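My entries follow the structure shown here.

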Amino acid sequence: MPTKVVVGVQWGDEGKGKIIDILASRAEVVVRSQGGNNAGHTVESGGEVYKLQLIPSGILYKDTLCLLGAGVVINPKGILGEINGLESRGISCDMLRIDPRAHVIMPWDLEIDGLSEKLRGASEIGTTKKGIGPCYMDKAERSGLRMYDLVHPELLAEKIQIAGGLKNRLLTEYYKEQPLDLAAITEEYTAYGQQLAKYLADVSVLAYQAIRENKEVLFEGAQGTLLDIDFGTYPFVTSSHPISGGVCIGSGIGPTMIDEVYGAAKAYTTRVGAGPFPTELLDEMGDKIRNLGHEFGTVTGRPRRCGWFDSVIMRHSVRVNGLTGLAINKIDTLSGLGKLKVCVAYEKADGSIIRDFPPTIEELAECKPVYEEIEGFEGALSCCKAYEELPESCKRYIERLEQLCECPIKMIGVGPSREQNLER
Ligand code: GDP
Ligand code: IMO
Ligand code: MG
């Protein structure tokens, strides 16, 4: 069975959750490899809406093994809340497993995320304030706490004293804040460890075994390519690797074990948080797309910035992810908007035209989008059950996107539910 990866190819929120849920109906294992509860993946099924943050979108299928790899950062309180929320709705989390190597988001990470954003002032990143950056900082600095520590009370107490002691110095001496109560944190986190211990297992081994047994394994990306710490719009990025290569590092399987890489995109572009966005619409059209597409963040509720489809970004994503196919969601949102625009290239300040996404935001700041105007389409696309049923002008829009992206478009989303997905 092919091993598939689904990644976001814009700035996140491209509808990855929906695509994973659709593909998961055929998968036996779904794996998350990076990020944490900064992600918000919406799945609509049987009239119910599920907003998942850490738990893989395969959880709605009761026999699907759902794995959180070593590269994920876990907020214990957050994941327990998610487990309880799902179980209270009749969704069992018995098939969830968490790698003991995964790092734990600690109370000081949350605190420092907020304080460092405040310190950045006007140049803030606009993080989700979930402690993601500080947790990955501690991991890279080799002072982080891992899930293994969380479920071993003596280790946990010792590591909280060492790591927390240092963070308290940072909080009091640098930020001039109150220290955190390490004894209370130890008590609280020991209790979380007791509840989470049963989920710990070596995800690298489980994923490898499943692949060897020819089971269908699906890797669920979080965030998006332009939020990648190296290949995104640094520093306005997250602290992990949302690109397909991140799957190998974050779950512990080699690149030769991946067969297909799907990129999820919207038929337009959105971004939540700060940073450059060449095709951003700061006019009425931007407001229209935001309202029609309900573009408000799943995690923070912030209004998402909206703009036209940008094929320069898409070609960058096709390259860095090695995409074998695209899923274009929310084509229904563009219905009835009149003429549409698609960015085909960027024009630099000296008048030269470039087709490749620039490596730095300094170079990106110089770029203006070069647009092609495309005929729009009308009608309630959400009712279409097959690609052939879409209006001709809508099919022409999709075919043009496919040419510009240089990657086959294999799925089209015409609505948020599982059924509103047209295979091509
Ligand atoms: P993710 O983070 O990539 O999983 O995406 P989010 O769940 O944060 O945001 C995508 C939003 O678009 C969710 O509210 C989905 O229910 C919704 N959605 C996904 N695909 C479609 C589609 O084809 N049409 C419409 N109208 N909504 C969609
Ligand atoms: P999903 O998986 C959209 C953005 C934040 C901010 C930047 C850094 O739902 O697509 P962080 O808290 O990660 O340090 O914030 O990244 N961001 C997302 N934007 N979708 C996401 O996840 C995101 N996760 C982080 O808004 O700009
Ligand atoms: Mg999201």
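Entry 1: I began with T233, which is buried, at a relative accessible area of 2%. Buried means under 20% relative accessible area, exposed means over 50%, and partly exposed is in between (1.4 Å probe, protein chains only). I noted that this is a predicted model: local features need pLDDT of at least 70, side-chain atom pairs count only at pLDDT 80 or more, and totals for chains, interfaces and linings use all residues. Residues are numbered from 1 along each chain as its sequence is written, chains are lettered from A and ligands numbered from 1 in the order in which they are written, and side-chain values use heavy atoms, with hydrogens and water left out.

I placed T233 in the loop between β9 (217-220) and α9 (244-251). Helices (H or I, at least four residues) and strands (E, at least two) are DSSP runs, numbered from the N terminus. The side chain of T233 makes a polar contact of 3.4 Å with that of W11. Another polar contact, of 3.2 Å, joins the side chains of T233 and R271. A polar contact is a pair of N or O atoms within 3.5 Å; within protein, one must be able to donate a hydrogen and the other to accept it, and residues adjacent in sequence count only if both atoms are side-chain atoms.

**Entry 2: the cavity beside it.** Which residues line the largest cavity? I listed G232, T233, Y234, F357, P358, P359, T360, I361 and L364. On a 1 Å grid over the protein atoms alone, a cavity is a set of points where a 1.4 Å probe fits but cannot get out; a pocket is an open set with protein on both sides within 12 Å along at least five of seven lines; lining residues have an atom within 4 Å of a point. The volume of the largest cavity is about 40 Å³. Grid points are joined across faces, edges and corners, and a volume is the space filled by probe spheres set on the points. Domain 1 (4-102 + 197-257) and domain 3 (266-423) both give residues to this lining, so the largest cavity lies between them. The domain bounds come from an automatic or database domain assignment.

**Entry 3: the second largest pocket.** I found about 560 Å³ of space in the second largest pocket. Its lining has 26 residues, and T42, E44, G293, K330 and P416 are the closest to its centre. By class, I read 4 nonpolar, 12 polar and 10 charged residues. Ala, Val, Leu, Ile, Met, Phe, Trp, Tyr, Cys and Pro count as nonpolar, Asp, Glu, Lys and Arg as charged, and the others, Gly among them, as polar. Domain 1 and domain 3 both supply lining residues, so this pocket also lies between them.

**Entry 4: magnesium.** What coordinates the magnesium ion (ligand 3)? D13 (OD) and G40 (O) do, at 2.0 to 2.2 Å. They are 27 residues apart, D13 in the loop between β1 (4-8) and α1 (16-24), G40 in the loop between β2 (29-32) and β3 (41-45). Donors are N, O and S atoms within 2.8 Å of the metal (3.2 Å for Na, K and Ca); water is not among the atoms, so sites may look incomplete. D13 is partly exposed, at 22%, while G40 is buried, at 11%.

**Entry 5: a covered helix.** In α11 (residues 311-321), 10 of the 11 residues are buried. D310 caps its N-terminal end: a side-chain oxygen lies 2.9 Å from the backbone nitrogen of V312. Just after α11, G322 takes a positive phi of about 60°.
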